Amino acid sequence: MVYNNKNRWFDYAIFGLTVFLIFCLLFEQYIELPSVVAWLGRWHPMVLHFPIVLLLIVLFLGLTGRPIPRSLFVVAVLSALVTAISGFFLGTESDSKGELLVWHQWMGAGVALISVFWYTLDGVGLGQKFYSKALQIVLIVLIGFTGHYGGMVTHGEDFLALPLNKKRKAIPENPMIFADVVNPILDQNCVACHNPNKKKGSLLMTSWASLLKGGESGKTILVGDSGNSELIRRLLLPLDDEEHMPPDGKKPLSPDEIKILERWIALGASDTVRLDQLAPEESLVGLVKNLMEPDPLVKWADLPKVADSTLQNLDSDYVTIERVSGNSQALRIDVYLPPVYDAKAITDLKRIGSNIVELDLSGLPIGVEEMAFVASCANLEWLELDRTPITDAEVEMLRNLKQLRMLKIYNTKIGDQSAAVLKEMENLKRVYLWETGLSSAALVELKLKRPNVLIDTGIDEETKAFFVATDTIAKIEDK
Amino acid sequence: MANDKKNNESPLKVNRRHFFSQLSVGIGSLALGSLLIPDLFKSDTESLSSMPLGIPHFAPKAKRIIYLFQAGAPSQLETFDHKPTLRKRMGEDLPESIRNGQRLTGMTSEQKTFPLMPPAVEFHQHGKSGAWISDFFPHIAKIADEICIIKSMHTEAINHDPAITFFQTGSQISGRPSMGSWMSYGLGSENKNLPSFVVLTSRGKGNSQGLYSKLWSSGFLDSKHQGVLLRSGKDPVLYLNDPDGISRSDKRHLLDQVSSLNKLHHVETGDDEIESRIAQYEMAYRMQMSVPDVMDVSKEPESIIKLYGEDCQVPGTYAANALQARRLAENGVRFIQLYHQGWDQHGNLHNEMAGQAKDVDQASAALIMDLKQRGMLEDTLVIWGGEFGRTNYCQGKFDPKNYGRDHHPRAFSIFMAGGGVKPGITYGETDEFGYNIIENPVHINDFHATLMYAMGLDHEQLTYKYQGRRFRLTDVAGNVINDLIA
């Protein structure tokens, strides 16, 4: 290879920058950058794309044994050095570097230095040696990891995580407001930039203490005063405002999420308070409960598709079929008593059985045939069988309805055997069973076994007696 | 010219002429007419099809509403807004700083002083929630933990007609669809054998204001969404029953013949409204069976009669209507609107309110308890309240024994129960005079938005394009009050 003058100057530049980079890395803690130089660091996110592409091209040529144009090699190595140095400048802006950033820094420096080394080897004609090839493979791996770590610093650690893993984990019963509700919201929306690696605005949002400590703009949270808290102020700014958080291009928080943060701050931003310690009229209770109860539409998303035309065919004057909402595949069906009753009206619904989540058969003269259909509706959550001629035998058939949440069986002839079935319905939340053949002993036992199920046995005797007793208004008039 | 003539005789116009020529225009026939001829004033089908109608926008909390409207405006100061200050400062003039320029009705605008009046009745706290409820309402007090009291309702209207029209239609000026019609339009019918919007009226002995059918009109919406007034007595729906001497099979035969003629006409003109008409004739035919069935309370057991009070066996009373409301709800009517007249206490407040309260207290509470034991409170929203509040000062001469209260739009109380509304809470607060809201105001638009939300509708999405613009129940305002939703 022939060295001309111009090439030599490039070599000097590469040598100089290499020395400077090594100097920076060695004496990092003693370096105090003037702001103009620090500003140069801001170009890092733009410049970094050049070495990645250029080095990969050069590496491709090198590994396939093709001649590498010297000028291309020079530009690639120079850009790697410039990127590493600008990255170093940018890094000095955060006062304590997180683990991710440290890794990124050293690997980035590694890429630059190894490429310089390889450039030198290539310059003296050792480019095709086996150790040179090994170096090139190391370089490829290093570029990949440096890029990935850099990406994690910018976009958050779970940026590339599969959507499945990102799902918010279920909120436990009676959750801690901070740990189980507020923190996951911050985790999902804020921590990508406010973590030990990035620490935008010197604000850490990874823990309760660091959140309360605040950052560059002072306190993030004024305990008890959500209206004047910086956090809420920024969340509520118009989307195009410079200070709006999360910044441009990132998904803003939902109104409900903002409200949860607002109320949590207003109530004292405690890290120990639990849901059941809040007053029932507190709006945070409702917001948290909404989060706890998964959106039914999501739950029903996996139901088989059912066409509108199918529904229209099955729909009749006495059978109303509705989608639970919008384009949901979940169905709600009401059946009313026609002048001439035929079990077929109900059993015909079998083909959409697995889509039915709510079924109202109140007051119909249903028998075993219809109940066999009901028992086949595996996704049933809401079932009204009140005022029907069902007995224990029919209730027994409901055993397989694992999703059942609400059951109305008041005013029927069911007896104590039904209580055994009810006891085993895992998801049952509410059951209405007054005016049945159930003995009071069986009821007491059922209530004992299933303390979390609301068992409505009709209006309580005391209230009933009060309603039947003399009207109290007459006495006021007498005064 | 030939073309012009053709346009003039478009199917739409022919239909309207037929409507007027074939139905004698009695006021009662409107109720049935609206059922027979849907889509009469429907203008463009496109705006309707742009959004799936008849399906909630999101999973609803409530599937139906029973609105116990207390027409005439019951005083909040004798129902749910406990203000001991008024007793302490009885006879004192209402401070100008509190009244703050509030406009007055013609009835008190000449009044020189505004002496504060104490509540005509004692208040006590009830239930676990400790809600303040006046002694006029012992039964509602008994079920205090089932209801959600809102003490901070406010409106702009100051006279009955605009105020009640505002409550029912979202506008003080009549002509907009009633909220029951909006629900029917947005959610469709749950039971095809009954109208989706039904109205029942009753009247107490107190000073009453008129009720007009415009309150349950469908306005510019399809007339099938119009409220159907069910009358007490032999014919709940006028002209629904067959005339004497016509048997049900004769009627069937008649309908079949009419239907085949209509089908011929449909083949000729291709007008879809003819099909709707055939369907509505059929619905009316089915209603001949379903309406008497749902109106027949004779099968109700003794315990239920006792619960609502013996009055519920007397057709036309509030108690009878309340029981009826439950039966209609059970049968899938979306919106059941009751009106109880006689709450306009400009004078003789003590006696009149006691009487009015006696009419509605037990039956209202019984309805809620009855719905609860049937599991229907889970998906039925019950609302109780009037069109505005009443002043904390006396109308006319100051006489602590016999006084009245004028209209007051700035703060009044209503309550709701079931249908996804938080039970056992009191929402909103007024100042010590019960005059201004100091916490959590709920405007009528907010109230409507919240009801629609409970029913699974987005109040900003449910629109109808008419005369060049899209209309909503909440017009251009309204926020869902999430704090009320369980």
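This is a predicted model: local features need pLDDT of at least 70, side-chain atom pairs count only at pLDDT 80 or more; totals for chains, interfaces and linings use all residues.
1. A word on terms to start: helices (H or I, at least four residues) and strands (E, at least two) are DSSP runs, numbered from the N terminus.

2. Residues are numbered from 1 along each chain as its sequence is written, and chains are lettered from A and ligands numbered from 1 in the order in which they are written.

3. Now the overall form of chain A. Its C-alpha trace spans about 110 × 65 × 40 Å along the principal axes. The radius of gyration is 35 Å, whereas a compact globule of 479 residues would have one near 23 Å. That radius is taken over C-alpha atoms, and the globule rule is 2.2 Å times the number of residues to the power 0.38.

4. The secondary structure of the two chains can be set side by side. Chain A holds 22 helices and 7 strands, and chain B holds 15 helices and 17 strands.

5. Burial can be read in the same way. A residue is buried if 20 or more other C-beta atoms lie within 10 Å of its own, exposed if 12 or fewer, and partly exposed in between, with C-beta atoms placed from the backbone. By that count 34% of the 479 residues of chain A are buried, and 53% of the 486 residues in chain B.

6. Next, contacts within each chain. Two residues are in contact if their C-beta atoms, placed from the backbone, lie within 7 Å. Among contacts in chain A with a separation of 6 or more, 61% are between residues 24 or more positions apart. For chain B, 78% of the contacts between residues at least 6 apart in sequence join residues at least 24 apart.

7. Do look at the pair α6 (residues 99-123) and α7 (residues 130-155) of chain A, whose axes come within 8 Å and cross at roughly 150°. Axes here are lines fitted to C-alpha atoms, for helices over the stretch in contact, and angles run from 0 to 180 degrees between N-to-C directions. The angle therefore makes α6(A) roughly antiparallel to α7(A); angles under 35 degrees count as roughly parallel, over 145 as roughly antiparallel, 65 to 115 as roughly perpendicular and the rest as oblique. The residues of this contact comprise 18 nonpolar, 8 polar and no charged. In these classes Ala, Val, Leu, Ile, Met, Phe, Trp, Tyr, Cys and Pro are nonpolar, Asp, Glu, Lys and Arg are charged, and the others, Gly among them, are polar.

8. The axes of α9(A) and α12(A) cross at roughly 135° and come within 10 Å, so α9(A) is oblique to α12(A). On the α9(A) side the contact uses A:I177, A:V181, A:V182 and A:I185, and on the α12(A) side A:E257, A:I260, A:L261 and A:W264. By class that gives 7 nonpolar, no polar and 1 charged residues.

9. On to the contact between the chains, which takes 35 residues from chain A and 42 residues from chain B. Several elements of chain A each supply at least two residues of its side, among them α13 (283-292), β1 (319-323), β6 (430-432) and α22 (473-478). The largest share, 5 residues, comes from α21(A). The chain A side has 16 nonpolar, 8 polar and 11 charged residues.

10. A:E173 sits in the loop between α8 (163-166) and α9 (177-189) of chain A and is exposed, because 9 other C-beta atoms lie within 10 Å. In chain B, B:N100 has a positive phi, near 50°, in a residue other than glycine. B:N100 belongs to the loop between α6 (96-99) and β2 (123-126) of chain B, and it is exposed, with 10 other C-beta atoms within 10 Å. B:N440 is not a glycine either, yet has a positive phi of about 50°. B:N440 lies in the loop between β14 (437-439) and β15 (442-443) of chain B and counts as partly exposed, because 17 C-beta neighbours are inside 10 Å.
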